[in-house]
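Keep the sequence and the model in view while reading.

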Amino acid sequence: MPGPDQASNNTTEVLGQTKKLPKCPIKMALGGAVAITGLGYLVLCTKKKPEASVLDVAKVTAGVRSGQVRSGQVMELLLSPKPTIYPSLRSLHILENYNTCIKPLSKSRLRLPKFHQPTTALVVRCSQPQNVDWPRNYSKKEKKPFPIPIVELRRAARARKKNASNQPHTPCPPPKKGLTVKTLIPLAYDVLNARTTLINNLRRLMKVVPVHACGWCNEIHVGPEGHPFRSCKGKNTTIRKGHHEWTQATIEDVLIPVEAYHLFDRLGKRIRHDERFTIPRIPAVVELCIQAGVELPEYPTKRRRKPIIRLNRSEFIDADESDLPDPVPEVPPRPILAEIPFMDIIPPENEDERIILADQTIEAWEQMKKGCKRLSSMYPVRVCGYCPEVHVGPTGHKAQNCGAHKHQQRNGQHGWQAAVLNDLIPPRYVWHVPDVNGAPMERELRNFYGKAPAVVEICVQAGAAVPDEYRATMRLDIGIPSNLKEAEMVV
């Protein structure tokens with residue numbers, strides 16, 4: 001037990017502490033302020049502008065202490081600007097403060113300059129980005145994404161149902177009534193002729209522009225020789241260490257053939273599985289043009305002159321057309337072009353003819369793409385989410401011929417969804433050769449090269465101008481290093 005002497009010594013003080021400081025707190029505060037002021041004065045003296053005097057530095061230091069001058073204004077008044085590696089851009093900094101008013105310094109205190117916001121802004125805009133990655137290649141085990149997410153479709157359907165409760169019924173477009181859009185019939189003929197012109201011109205250009213195709217995979221290359229990249233994924237690729245075995249390409253390697261079933265009645269019953277060999281298959285672009293109003297004798301189709309009568313959502317009957325006069329065959333608004341046979345293809349004779357032919361090919365390519373995009377917005381096109389199968393019509397067919405990943409779980413049926421333009425006209429992207437007559441492409445500089453559709457690359461190497469749409473993916477604004485040592489220095 002502690003004794004009375006020990007108990008009397010117990011206090012509430014903490015060991016190691018004293019009641020009074022060794023110095024006066026006011027003197028310590030004043031000393032610290034003087035030290036900080038002196039340090040700041042020395043820093044400003046070392047970094048001041050050449051035209052600023054020591055007296056100005058003292059006044060600014062006093063103003064910072066009293067709160068009258070901010071640190072950002074000290075940088076503008078006294079400190080010299082940092083050197084820039086872009087001297088031409090300093091004019092933009094001057095434009096920001098072109099309406100600046102600076103008052104002279106008085107003897108009593110430093111008056112702050114008034115900075116005003118500029119009344120106009122300098123904006124630099126570009127319609128096309130500088131560099132864009134080309135579309136990715138989806139794996140065979142991966143499903144294609146929907147053009148519009150399901151959540152957005154459901155949200156739009158709920159909003160449409162809510163807004164249509166007290167509104168008059170919106171009329172259906174003519175294709176849903178079994179009719180054709182008269183204003184799109186000339187466009188359908190233009191798209192069909194653009195496709196024929198594109199095929200004929202490509203066959204002629206491929207006589208003078210070398211195009212190579214790998215004998216083991218589906219990759220092609222446009223240029224004097226094949227590229228050196230080890231990207232082959234065909235048979236025995238491990239033995240060849242990913243190298244390609246280049247052969248001569250054909251028109252089917254450049255323009256991927258996409259076929260679809262020809263429908264006599266686009267609103268008729270869906271094609272069954274046992275009818276898959278009895279119905280002809282034609283190119284999907286040709287089928288889209290036929291449904292849009294193109295008349296081809298070898299592919300007849302049903303043309304209604306009166307809208308159908310809907311019984312319910314899935315059943316309808318045709319309207320009585322007996323009171324109408326007999327249909328008269330109409331003269332097509334455009335003459336239909338024919339494809340040139342392979343034996344009659346003549347290459348361009350000189351450079352001027354080759355350049356003109358390349359420009360026409362680019363124009364036909366863009367016309368076919370824009371026309372198909374407009375036609376598919378009115379006449380729906382479906383694509384399987386697992387395989388490249390395309391169907392032109394309101395609903396997909398029932399043929400169980402899907403061989404994609406895990407098709408056994410779906411019994412070979414397709415997963416139909418809305419198609420995009422790349423499903424109808426798939427662009428075959430190839431590596432862009434910066435200089436055809438220069439040094440060959442190097443495997444170590446792969447990240448500096450760009451890509452473009454095979455049609456565009458063939459036309460560019462033939463002498464056509466590069467369209468602005470593909471300049472970003474071709475990476476024309478990127479400087480390519482001359483050697484590997486220079487490439488390693490790139491950040």
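The report below covers the cores, a surface patch, the salt bridges and a group of paired strands. The model is predicted.

## Nonpolar cores

Start with the inside. In soluble globular proteins, nonpolar side chains tend to be buried together. Here the largest nonpolar core has 62 residues. Four of these touch the most other members: Val254, Trp365, Leu424 and Ile458. Helix H7 (residues 185–205) supplies the largest share of this core, eleven residues.

Leaving aside residues up to four places away in sequence, tryptophan 365 touches Leu198, Leu255, Ile425, Pro453, Val455, Val456 and Tyr470. There is also a second, separate core of eight residues. Phe229, Trp431, Val433 and Phe448 are among them.

## A nonpolar patch on the surface

Now turn to the outside. Phe146, Ile148, Ile150 and Leu153 form a nonpolar patch on the surface. Together they have about 330 Å² of accessible area.

Isoleucine 148 sits in the loop between helix H5 (90–96) and helix H6 (150–163). Is isoleucine 148 buried, exposed or partly exposed? Its relative accessibility is 45%, so isoleucine 148 counts as partly exposed.

The model has 18 salt bridges. One of them pairs arginine 475 with aspartate 133, with the closest N and O atoms 3.2 Å apart. Which parts does this pair tie together? Arginine 475 lies in the loop between helix H13 (471–474) and helix H14 (484–488). Aspartate 133 lies in the loop between H5 and H6. The pair therefore ties together parts that are 342 residues apart in sequence.

The two partners differ in cover. Arginine 475 is buried, because its relative accessible area is 15% and buried means under 20%. Aspartate 133 is exposed, because its relative accessible area is 60% and exposed means over 50%.

## Arginine 281 and its partners

Arginine 281 forms a salt bridge with glutamate 259, where the closest N and O atoms are 3.9 Å apart. This pair links distant parts of the chain, 22 residues apart. Glutamate 259 is in strand S4 (residues 259–261), and arginine 281 is in strand S5 (residues 281–283). Both count as partly exposed: glutamate 259 at 38% relative accessibility, arginine 281 at 30%.

Arginine 281 also meets glutamate 389 in a salt bridge, at 3.2 Å from N to O. Glutamate 389 lies in the loop between strand S8 (381–384) and strand S9 (390–392), so its pairing with arginine 281 in S5 ties together parts that are 108 residues apart in sequence. Glutamate 389 is buried, with a relative accessible area of 12%. Elsewhere, salt bridges that share partners join Asp265, Lys302, Arg304 and Asp318 into one network.

## Strands around S8

A hairpin of five residues joins S8 to S9. The two strands pair in the antiparallel sense over three bridges. Valine 381 stands opposite valine 392 in S9.

S8 has another partner, strand S10 (residues 416–418). S8 and S10 run antiparallel and are joined by three bridges. What is the bridge partner of cysteine 384 in S10? It is tryptophan 416.

Conventions:
Residues numbered from 1 in each chain as written. Predicted model: local features only at pLDDT ≥ 70, side-chain atom pairs only at ≥ 80, totals over all residues. Heavy atoms only, no water. Patch = residues over 30% accessible without salt bridge, like charges linked within 9 Å, V, L, I, M, F, W, Y side chains within 5 Å. Areas by Shrake-Rupley, 256 points an atom, 1.4 Å probe, with all protein chains shown as cover. Salt bridge = Lys/Arg side-chain N within 4 Å of Asp/Glu carboxyl O. Helix = DSSP H or I, 4+ residues; strand = E, 2+ residues; numbered from the N terminus. Buried < 20%, exposed > 50% of the residue type's maximum accessible area, 1.4 Å probe, protein only. Core = buried A, V, L, I, M, F, W, Y, C linked by side-chain atoms within 4.5 Å. Contact = heavy atoms within 4.5 Å. Pairing = 2+ DSSP bridges.
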